[in-house]
Amino acid sequence: MILTEKETTAIKDLQTQEQSCIEKYKRYGSQAKDSVLRDLFQNLEKEEQEHYQSLGKVLSGTVPTCNCNDSSGKNYSPKAAYSAMTDNEDKKNDCFLATDCIGTEKMVSSEYNSNVFKFSEPGLRKLLADIQIEEQNHAEMLYKYKTVNGMS
């Protein structure tokens, strides 16, 4: 598969977004006070790394198959570390981190939505649509974390 200049630029831009997510989850994982949130950040960091690598394969001419994972958000059920009545600095810190990441996931999902139609190759559009769904799953998981911990 040979990408046009416009397609190459779009993939590189998406890769930049993924790299930013990887770095954010790595940093926020070290800043999170709750082990459940730390684990979630580590898992999301790995998934963002997979996205980055998939986009790298596209740049080298290969469209990887996608797993069409649309259930990880739906199936995520975190354990509460904080009660709704808790109002300490650790909870405030973790709430900020989760809220910031939800905003990032919404923005990245939007980027995939905007870019998917720049490509004529159906397999590539399917891959980008799959990554978009996974980004939405990430936001849902973070929202569920916030909800169970009385942060929303």
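Trainee: Why is lysine 92 called partly exposed?
Mentor: Its relative accessible area is 41%. Buried means under 20%, exposed means over 50%, and partly exposed is what falls in between (1.4 Å probe, protein chains only). So 41% puts lysine 92 in the middle class. Bear in mind that this is a predicted model, where local features need pLDDT of at least 70, side-chain atom pairs count only at pLDDT 80 or more, and totals for chains, interfaces and linings use all residues. Residues are numbered from 1 along each chain as its sequence is written, and side-chain values use heavy atoms, with hydrogens and water left out.

Trainee: What makes lysine 92 and glutamate 89 a salt bridge?
Mentor: The term needs a side-chain nitrogen of Lys or Arg within 4 Å of a carboxyl oxygen of Asp or Glu. Here the closest N and O atoms are 3.7 Å apart, so the pair qualifies. Both residues sit in helix H4, three residues apart, about one turn of the helix. Helices here are DSSP runs of H or I with at least four residues (strands are E, at least two), numbered from the N terminus. Glutamate 89, at 58%, counts as exposed.

Trainee: Which parts does the salt bridge between aspartate 100 and lysine 24 tie together?
Mentor: The closest N and O atoms of that pair are 2.8 Å apart. Aspartate 100 lies in helix H4 and lysine 24 in helix H1, so parts 76 residues apart in sequence are tied together.

Trainee: And how do you know whether lysine 24 is buried or exposed?
Mentor: Its relative accessibility is 18%, so lysine 24 counts as buried.

Trainee: What makes the length of helix H2 agree with its residue count?
Mentor: The expected span of a helix is 1.5 Å times one less than its number of residues. For the 25 residues of H2 (residues 35–59) that comes to 36 Å, and the end C-alpha atoms are 36 Å apart, so the two agree.

Trainee: What follows H2?
Mentor: Glycine 61, with a positive phi, near 100°.
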